[in-house]
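Thanks for coming. I will go through one structure, from its core out to one of its loops. Please put it up on the screen.

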Amino acid sequence: MSIEVLKSKIHRATVTESNLDYEGSITISKELIEAAHIYEYQKVSIADVNNGNRFETYVISTKESGIVCLNGAAARMVNIGDLIIIMSYQIIDESKIKDYKPVVLHLGKKNKIL
């Protein structure tokens, strides 16, 4: 049997920008998505620590360091300065769950990996 599990999490990222007029998505610095094993255009879940909103979108990357920008309709779900948790998932065989560990990045000031 297969189950869906947390693949990776970027914990307590600070929203640096929002762009309501963009088509949609979350823009994240390339170094963060690579460290978290998240791929461009991959679906992610977002949880806003400040207001409790939870929603899904997809990832696009930027070479600019420390950027976490919500675009399109998702921009209405957060405020600049909010702390968010970005989560990706994968499906694994249930027999592998005992030894499974997701990638978890904890971020500090300016969205630097701690």
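Before the core, a definition: a nonpolar core is a set of buried Ala, Val, Leu, Ile, Met, Phe, Trp, Tyr and Cys residues joined through side-chain atoms within 4.5 Å. Buried means under 20% relative accessible area, exposed means over 50%, and partly exposed lies in between, with a 1.4 Å probe and protein chains only.

Two remarks on sources. This is a predicted model, where local features need pLDDT of at least 70 and side-chain atom pairs count only at pLDDT 80 or more, while totals for chains, interfaces and linings use all residues. Residues are numbered from 1 along each chain as its sequence is written, and side-chain values use heavy atoms, with hydrogens and water left out.

Now the core. The largest nonpolar core has 21 residues. Those with the most contacts inside it are Ile10, Ile26, Ile28, Ile38, Leu70, Ile84 and Ile86. At least two residues of this core come from each of strand S1 (2–14), strand S3 (25–29), helix H1 (30–35), S4, strand S5 (54–62), strand S6 (68–71) and S7. Helices (H or I, at least four residues) and strands (E, at least two) are DSSP runs, numbered from the N terminus. As a general point, nonpolar side chains in soluble globular proteins tend to be buried together.

How many helices and strands does the chain have? It has one helix and eight strands, in the pattern β-β-β-α-β-β-β-β-β along the sequence. An open sheet of eight strands has the order S2-S6-S3-S5-S4-S7-S1-S8, with mixed pairing. Its edge strands, each pairing on one side only, are S2 (17–19) and S8 (103–106). Two strands pair if DSSP finds at least two bridges between them.

Let us look at S7 and its neighbours. S1 and S7 run antiparallel and are joined by 10 bridges; valine 5 stands opposite glutamine 90 in S7. Strand S4 (residues 43–48) also pairs with S7 (residues 83–93) in the antiparallel sense, over four bridges. There, alanine 47 has isoleucine 85 as its bridge partner.

Serine 88 is found in strand S7. Is serine 88 buried or exposed? It counts as buried, because its relative accessibility is 0%. Its side chain makes a polar contact with the side chain of serine 8, at 2.5 Å. A polar contact is a pair of N or O atoms within 3.5 Å; within protein, one must be able to donate a hydrogen and the other to accept it, and residues adjacent in sequence count only if both atoms are side-chain atoms. Leaving out residues up to four places away in sequence, serine 88 touches Val5, Leu6, Lys7, Ser8, Ile38, Gln42 and Val44, where contact means heavy atoms within 4.5 Å. With the same exclusion, isoleucine 38 touches residues including Lys7, Ser8, Ile10 and Ser88.

Finally, the loop between S7 and S8 holds lysine 98. Lysine 98 counts as exposed because its relative accessibility is 75%. Its C-alpha atom is separated by 14 Å from that of lysine 7, 91 residues apart along the chain.

For the chain as a whole, 45% of the 114 residues count as buried.
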